[in-house]
Amino acid sequence: MDPSSTTGRVLEIQRMSTEDGPGLRTTVFFKGCSLSCSWCHNPESISPHPQIHWIDSRCIACKTCLDMCAKVALSLAPEGIRIDRSLCDGCGACVDACPSTALELLGRQWRTADLVHEVLKDRVYFEKSGGGVTVSGGEPTLQSGFVSDFIKQIRAQGIHTALDTCGSCSHKALDKLLPHATLVLFDIKEIDTNKHRAFTGSNNRIILENLIHVSRYIKTHLYPEGLWIRTPLVPDATATIQNISGIGSWIAEHLEGQIKRWELCSFNNLCRDKYTRLGLTWQFQDKSLLNEDHINSLLTAAKTTGIDPDIVHWTGAARLDGRREA
Amino acid sequence: MNGSLAEKIEHKIKVPRKLSPRISWLRDYYFQGCKRNWNNEYTAWSTGTPWDVLYQEMTYYIVPEVYMLIDTLGGGYQQAARNIDIHSDFWTWSLPERKAWFLKEVMVNHVPQEILPGDLIAGARFNIITSTCFTKKESAAYNQRVTGKNGARTKMKWFHDHGYGNAGATSGHLIPGYERVLKVGWKGIYESLKTSFNQLDLRDQKGRKGSQLKAMITAATLPRDLAKQYAHLCTCLATEEADPERSAELSRMAGNLKKVPWKPARTFWEAIQSLWLTHMLIMSDENYPGPGVSFGRIDQYLLPYWEYSRDQGMDWEFAKEILKCFWFHCNTAYDAMIRNGNQGITAGFGQLLTLSGMGKNGIDMTNELTYMFLEVIDEMTPILEPKPNIRLHRNTPDELLDKVIDMISDSQGSPFLINFDERSMAGMMLEARKANITHLINASNVHEYAPVGCLENTMVGNDRSGTVDINLNLLKAVELTLTGGRDMIPFVDPMKGKPEKIRQDGPSTGDSKTFETFETFFKAYEEQTAYIIQKSVETYEASEAVRADFLPTPYLSCLVKGCQEKGLDVTQGGAEINFVTLEAVTYATTVDSLLAVKYLVFDQQICSMSELIQALRDNWQGHEKLQAMAINRAPKYGQDDDIADALAKQVMDLWCRETWRHKTRSTQRRFRPGMLSWNYWAGDGYVMAASANGRTKGQFLSNAICPSSGADIKGPTSNTNSVGKVLGGKTSDGGGGWRDYLNCLPNGASHTITFNPSIIKDPEHKQKFKAFIKGYAENGGTALQINMLDPEMLKDAQKNPGDYRHLLVRITGYNAYFTTVGKELQDEVIERVSHCRF
């Protein structure tokens, strides 16, 4: 991605988000991620390229789309519209023609000015709640040029900005964004290097180094003001006492007193259909949600790692709102 | 969140709590419904003349469900009526004098007086159907103008059958001068009326003015004489009562009734007693149970009485006990037609009370009583009446907001409607300017406003603004634009099955198939809008004029400032402030239909106008692809889309402008705009032809100022922003209605948002929700109904209605028991919930 790009590829804009930082927020999900976590709840956010998906329940079977595709990537199968991913280049011609919006284009180019205008619509709610704008993904640091310019303009308006990152990026990308972020939400998913690689496809060394870099940056700069850690609790993956204790101890050792909040985010299965729509199989397809005892034991583990136990928060995955669900 | 894992949101229904045995008994007894030995169902009373008219059908012209029953009901009451021996001079009196005497005679000497077990408030039966007291000549003239050829009924039926909506001069919907009764007593009102009468010259005394004042003087003695009867009853019961504690209560009640409502109240108990008796007699006078006869700012005007009693040692809980008895009585309004169903034919009542709100110079008026009322609401919920409304504003204290949020969290949806002061007051200031009544509404008193019925803003004690009298489907103008002024589909008489011939009803605005630009289309739409508003004004005039000539309510007139001064009944425009409100229905459907015409025919050229019209005539059958385009691809109001909302604003400004132009001929009341849809958006969906936004005939129309069902895909903030924008938003040029706020709908606009319960799942989220409410006060509309439902619970309630008997849902500020509303409306509620994505 061109770092000086004046457009950014946005997957979704979610208004009145209550989960991505303090207060009421508008969260901009950027497309493209540097990790590919096996449990990912937003599989459509991983590829940096535009993608098409088809929503069964909306389709009126008018077949308009079949004639629209120059690449002949669409066909009508017994189960509905089939998209040949090897042929589809995400041009969106079928999406533009679809009367019922059963076909959707995932990832649209936004110009900075338009995106700023869009998120400022909720300014008053930000002000009343101490909220603001969160850039998330995918991985926003992959579009650091655009995102940096975007959050710079937002904060120039006196609005709180939060950078939600997986940490798998270059120092350079981070350094572009940090001056304009009021808060950093930083993921530590797995403390064990090997497991991390197995789960996400990448080593966690660079992530932890980046986290230390961010923490040092915060100490010596006016912005960002704060740092939160987020850890997904994924059954049979990250949701182990060992991992949570390990992360907690690491935080206690390396980020002493600097973390305002550590959120343990429970696995949810609301994204199941997304995998089907993208023609992917999900290895967590049949996993059920974490039970209460399990979560409690993880919370206890988190709180007894030498960190301030008050910073540990849990966010439920079984809530009914299907957050980030397209 | 810390600690607790509210992973699964339990489907719990709010239950009443902390009720004393007395209140539990009264409440449970109420819910026994038809099984009760005692009830407050209508009794009918006639002068006994063969030409007597008992049923005031025009009051029900805005209730299409009863159109088929009008003759049956009227005949039934006639048949069931008991005759009253009338005064020997009766027929020498004027009509208002006859009415006043008759009402008093019925209520004091014929309707039984009873005290329910444990009850602390007297005034049980009040639902009556009384004679119109017509002479033979009056009866003939009345019938001619109501049921005769081209009479009010025919006009009203035509208006509804052809999809315009409904219109009729309706009772209630005002805040009577209750505060004055508490302060000066009916004696004070009586004496003041006498003075006014005596000040008239002899000719006026014998004329209309004199008759009206004499009728009001008679009416003013009704509460005195009725209270005397009840006082006597309480004394007798006290003597017979074995339980000394109860006996003492009854003696206290007798003491109260010997004093109030005739004399000024001093204690809290006296004030509530005075208020209730005064209030219930309005429903008797108007022959209608609880029709938006509202209490106004009850926590404000009752405060001195509470403070006095508190200082005299009254217990907080006992004060609540009195209020809870008051609650019970308000609900007995529903007994009127109890045999027709659980709560009568409709949940369309609305004795609204208002809490908190702004005072002079923007200060907050929350007080002890505000919290007392909230406790009572909390402990009595779920229950239908009285309907609470909380006024919030920029300076509302966090303590009150926290309480509000907690109560919303504890109920299924908020147990009250929230009114937003700044936006509301901007509208009231606008109507003052429009009608040249800035001496009655201005910056120094506008904060005294209060809502009636559901959420309709009015001033207090001097204002009758006919807030539900006209309900117009704006969408009709789009239909007429497409067809050049003719109905899209013929009206078919449901009894005869015969289609009516389609005529040229609206102006000929040309063949829309030849329109080359959307601007041309919109010009024609403007003309058709002017026509449908003109038509609604004419339709309304028929019943307004008949009411003014034949159906005085002298008792109510005593409680509305202006009537005494002008010597005019409230039905004749006696009130100082006198609007008729034109409530627009189908707003979002109308806007979305225009947006769809623009998108499909002009901008994208997906179809020709003639194809679109054919699709609508075919009710979209065989045009599914085009329909899908209309539903999914065309822009929609309610998504904070600046371009779509700009057209929405144009539609808003147009119909408001046309509405302000009109006045009633018979009573000189100016029309003002508002948006409330009660249940018409559901029912009229079956009357109106398919619409260009993709809606088929039979699907619901949009509700009040809410976006179309399913269009609210960007969440509550975008929904809110759109609503605020079309009302006028804010201005920085100093030309705001109230401070920087603008509001083109003085009546206010009903706005419902259904939230996912996760928004209030823990303290941190509650704070976020509170911030949303504060944001709403800045960006949103005049009134917000917050629903907090989840679809699974509602689906379960659909399947097992027996288990959800008390499950309350609110529609347009109305609460109704979910299991008692129709399947279609249930489905609609479920669909709305399911579409919320945030």
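The term pLDDT denotes the predictor's confidence in each residue, on a scale from 0 to 100. This is a predicted model, and in chain A the mean pLDDT is 91, with 95% of the residues reaching 70 or more. Residues 317-326 of chain A, by contrast, have a pLDDT below 50, although this stretch has 27 contacts in the model beyond near neighbours in sequence.

Chain A contains an open sheet of nine strands, which are arranged in the order 7-1-2-8-9-10-11-12-13 and show mixed pairing. Strand 7 (108-111) and strand 13 (312-315) of chain A each have a single partner strand and stand at the edges, so one side of each is left without a neighbour in the sheet. From one strand to the next, the twist averages 30°. Within this chain, strand 2 (residues 25-30) and strand 8 (residues 132-136) of chain A pair in the parallel sense over five bridges, and Arg25(A) stands opposite Gly132(A) in strand 8 of chain A.

In chain B, helix 3 (residues 95-109) and helix 8 (residues 208-240) pack with their axes 8 Å apart, at an angle of about 5°. Because angles under 35 degrees count as roughly parallel, helix 3 of chain B and helix 8 of chain B are therefore described as roughly parallel to each other. Helix 3 of chain B contributes residues including Pro96(B), Trp101(B), Leu103(B) and Met107(B) to the contact, while those from helix 8 of chain B include Ala215(B), Thr218(B), Leu222(B) and Asp225(B).

Terms used:
Residues are numbered from 1 along each chain as its sequence is written. Chains are lettered from A and ligands numbered from 1 in the order in which they are written. This is a predicted model: local features need pLDDT of at least 70, side-chain atom pairs count only at pLDDT 80 or more; totals for chains, interfaces and linings use all residues. Two strands pair if DSSP finds at least two bridges between them. Helices (H or I, at least four residues) and strands (E, at least two) are DSSP runs, numbered from the N terminus. Axes are lines fitted to C-alpha atoms, for helices over the stretch in contact, and angles run from 0 to 180 degrees between N-to-C directions. Two residues are in contact if their C-beta atoms, placed from the backbone, lie within 7 Å. Angles under 35 degrees count as roughly parallel, over 145 as roughly antiparallel, 65 to 115 as roughly perpendicular and the rest as oblique.
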